[in-house]
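Dear colleague,

Please find the structure below, together with its sequence. My notes on it follow.

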Amino acid sequence: MTMLSAALLLFLILDPLGNIPVFLGLLKPLPPARRRRVLLRELLIALGVLFVFLWGGKYVLEAMHLRQESVSIAGGIVLFLIGIKMIFPSPEGMFGEVPEGEPFIVPMAIPLVAGPSGMAAVMLLAAQEPGRMADWSLALVLAWAATAILLFSATYLYKVLGMRVLTAVERLMGMLLVAISVQMLLDGVAAYLRAPGLG
């Protein structure tokens, strides 16, 4: 996987377009200046969490004696479920009801930006090719930056595109994510079947 394809994968997983209506609802009670500060804080927290999983995930996998193939298969399943939810969203949103008041870490940073699928994806990248951590770090920063730009432009995009267009784009992103997840799952199964000791 190239650095740019990894960035695209992470961008799809972070799902900024799908998060726009939720973020607008959560930030609506706050003054405009405060909204920007809260959004920046939550995005930075999410980036920090994803970097922890990118750089520290392999130690967690080693401690739990999990093989790379297991992570690939599990990651494919998680991404598939997230993609299906993007295509067929529930009325309360992907992560259910959200608490009232100024958001802090939950639900904006975690799980809306840095969700289980994002954590699994960065861990998978690090586990598959640990020698390319600089590439994966750059891919994460690029995906996060694109997500931040879209979320900071949320009000404008919501007014210009409208809910229907945002929903259509999110469903298209969900289709791409489902296709990527199926490939990830097939790669994991193929690698497992080729592993020594199975023949």
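In helix 1, the buried residues are M3, A6, A7, L9, L10, F11, L12, I13 and L14; buried means under 20% relative accessible area, exposed over 50%, and partly exposed in between, with a 1.4 Å probe and protein chains only. Helices are DSSP runs of H or I of at least four residues, and strands are runs of E of at least two, numbered from the N terminus.

Please note that this is a predicted model, in which local features need pLDDT of at least 70 and side-chain atom pairs count only at pLDDT 80 or more, whereas totals for chains, interfaces and linings use all residues. Residues are numbered from 1 along each chain as its sequence is written, and side-chain values use heavy atoms, with hydrogens and water left out.

Because 9 of its 12 residues are buried, helix 1 is largely enclosed by the rest of the structure. After helix 1 comes D15, with a positive phi near 50°.

Helix 2 (residues 16-27) has P16, L17, G18, N19, I20, F23, L26 and L27 as its buried residues. Their cover includes helix 1, helix 3 (32-63), helix 5 (108-113), helix 7 (133-152) and helix 8 (154-194). N19, in helix 2, counts as buried because its relative accessibility is 6%. The N19 side chain reaches the backbone oxygen of L14 at 3.2 Å, a polar contact (a pair of N or O atoms within 3.5 Å; within protein, one must be able to donate a hydrogen and the other to accept it, and residues adjacent in sequence count only if both atoms are side-chain atoms). Not counting residues up to four places away in sequence, N19 touches L14, L112, V113 and L151, where contact means heavy atoms within 4.5 Å.

G118 belongs to helix 6 (residues 116-128) and, at 3% relative accessibility, counts as buried. Leaving aside neighbours within four places in sequence, G118 is in contact with I13 and L50. G118 and P130, 12 residues apart in sequence, are 17 Å apart in space, C-alpha to C-alpha.

Yours sincerely
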